[in-house]
Amino acid sequence: MTTPPRLVQVRHRVLKQNDLVARGLRSRFREAGVYVVSLVSGPGSGKTAFLERVLTTLRVRDGLRVAALVGDLATDNDARRLARSRAPVRQITTGTVCHLDAAMVSAALDGWRLEELDYLFIENVGNLVCPSTFDLGEDLRLVLFSVTEGEDKPLKYPTIFHTADEAIITKTDLAPAVEFDAEAAHRGVESVRPGMAIFEVSAKTGEGLDRWLDALSARRSGALG
Amino acid sequence: MHELSIALAILDAASEEAARLDGARVLAIHLRFGPLSGVVEEALRSAFELAREGTPFGETSLVFEAVPLVAFCPSCDAERPVASIRHLRCAECGGPASHVVRGRELEVVALEVEP
Ligand SMILES: [Zn+2]
């Protein structure tokens, strides 16, 4: 007669290691007084154009100190593009990995004086699935989707909407051309995440940007006191 | 392929726990996961089979234990199951839920070891 295997109860969060690093980052950010915003979206959402406009506006118009980390699979196109904002930009090449994790963020910050920044933006790899699982220590996570991608993004990728704090609909200048149904998009977000804040922004015309920047500034004051 | 990162993290967790059991041979790892863990069972199963190769867990299987999604319903003033991750509405009264209480779990909860 064989003895059956012994079942030993344990309790071990699978992402414990990432969560520990993320917690360390969060307290480092808080101590330095920098407010950290991460951006997730699918490819082609206009996330880089949005971020370029945000960096430029905060730096030039508001005189704030901003910087960005950009996660990219292999090429450095996004980082080069963001550098046009003249904000310090650093690229994180993830190779074949389709998301950033807290350790990559931590390594990329090496040598940066965080206390000299007001805002740090972290652009995740263009992917609506994988980044949802990894905490990066950010204060605010944005999920972006463009009017050209269709209204059903929230219902197709509910998990990412659950880990994000705010939704941003981009490329709204193209809405009439693609007959974007804004109401359906809002309904989708509301279904997945009741009460989630939704902003509509055109990085091209700047429409809607001020409303979001005002909300961002209020969030920052709330977090940093 | 974030499932591969997760599979590797599961093996790390299992190694750590097995070491506490004096390196007992692990026959199966029980994983508790929620609908909002970001894990797709099939994808993780294949990633795990890849990740375990050449490790002391080459023969170890992965047992999935799904956790239901539970959210707080302000109108019922109670924790309630919800319709689905696409419709965060109270299964009792149909009102919108305010926040998820359970369903994000991704934990190794048990090891089956050789007696
Ligand atoms: Zn209810």
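Reader: Before we start, what counts as a salt bridge here?
Author: A side-chain nitrogen of Lys or Arg within 4 Å of a carboxyl oxygen of Asp or Glu. Keep in mind that this is a predicted model.

Reader: How many salt bridges between chain A and chain B in total?
Author: Two.

Reader: And polar contacts across the interface?
Author: The rule finds 14 residue pairs, with both residues at pLDDT 80 or more.

Reader: Which elements of chain A supply the side that touches chain B?
Author: Strand S1 (6-13) and helices H5 (153-156), H6 (158-163) and H7 (182-192) each supply at least two residues. S1(A) gives the most, with eight residues.

Reader: What does S1(A) pair with?
Author: Strand S7 of chain B, residues 106-113. The pairing is antiparallel, over six bridges. In one of them, Arg6(A) has Val113(B) as its partner.

Reader: Switching to size. How much area do chain A and chain B bury between them?
Author: About 2800 Å², with 59% of that on carbon and sulfur atoms.

Reader: Which residues in chain A lose the most area to chain B?
Author: His12(A), Val14(A) and His162(A). Together they make up 23% of what that side buries.

Reader: How many residues does each chain put into the contact?
Author: Chain A puts in 30, chain B 36.

Reader: And by class, what is on the chain A side?
Author: On the side that touches chain B, 15 nonpolar, ten polar and five charged residues.

Terms used:
Residues are numbered from 1 along each chain as its sequence is written. Chains are lettered from A and ligands numbered from 1 in the order in which they are written. This is a predicted model: local features need pLDDT of at least 70, side-chain atom pairs count only at pLDDT 80 or more; totals for chains, interfaces and linings use all residues. Side-chain values use heavy atoms; hydrogens and water are left out. Contact means heavy atoms within 4.5 Å. Buried area is the accessible area (1.4 Å probe) that two parts lose on being put together, summed over both. A polar contact is a pair of N or O atoms within 3.5 Å; within protein, one must be able to donate a hydrogen and the other to accept it, and residues adjacent in sequence count only if both atoms are side-chain atoms. Helices (H or I, at least four residues) and strands (E, at least two) are DSSP runs, numbered from the N terminus. Ala, Val, Leu, Ile, Met, Phe, Trp, Tyr, Cys and Pro count as nonpolar, Asp, Glu, Lys and Arg as charged, and the others, Gly among them, as polar. Two strands pair if DSSP finds at least two bridges between them.
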